[in-house]
Amino acid sequence: MTPSVLPTGYQPYGYYDRGAREYVITRPDTPAPWINYLGQGSYGGIISNTAGGFSFDRDPVTAG
């Protein structure tokens with residue numbers, strides 16, 4: 001959904017909302033995939049723009 005009034009800096013896939021301090025994605029079919037890491041101490045998770053991901057308790061590289 002495209003906003004009725006395009007914000008300053010609007011791009012084809014979204015825009016940065018200065019008030020909310022976040023990038024707003026208006027089209028999920030972005031030209032390149034991305035992932036976000038969320039973590040606190042030893043617990044964390046990774047989620048992609050296609051809703052795939054995983055969570056972990058400890059470093060996933062060294063746990064085992």
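**Aromatic contacts, a salt bridge and a surface patch**

F54 is partly exposed, with a relative accessible area of 46%. Here, buried means under 20% relative accessible area, exposed means over 50%, and partly exposed lies in between (1.4 Å probe, protein chains only). The model is predicted: local features need pLDDT of at least 70, side-chain atom pairs count only at pLDDT 80 or more, and totals for chains, interfaces and linings use all residues. Residues are numbered from 1 along each chain as its sequence is written, and side-chain values use heavy atoms, without hydrogens and water.

Rings of Phe, Tyr and Trp (its six-membered ring) pair if their centres lie within 6.5 Å; planes under 30 degrees apart are stacked, over 60 edge-to-face, and the rest tilted. Two aromatic pairs were found in the whole structure. Y37 and F56 are stacked, at 6.3 Å centre to centre and 20 degrees between the planes. Y37 lies in strand 3 (residues 35-40) and F56 in strand 5 (residues 53-57), so this pair ties together parts 19 residues apart in sequence. Y37 is exposed, at 53% relative accessible area, whereas F56 is buried, at 13%. F54 and F56 form a tilted pair, at 5.9 Å and 45 degrees. Y37, F54 and F56 make one aromatic cluster. Strands are DSSP runs (E, at least two residues), numbered from the N terminus.

A salt bridge places a side-chain nitrogen of Lys or Arg within 4 Å of a carboxyl oxygen of Asp or Glu. One salt bridge was counted. It joins the side chains of R27 and D29 (2.9 Å, N to O). R27 is partly exposed, at 33%, and D29 is partly exposed, at 44%.

Key
Helices (H or I, at least four residues) and strands (E, at least two) are DSSP runs, numbered from the N terminus.
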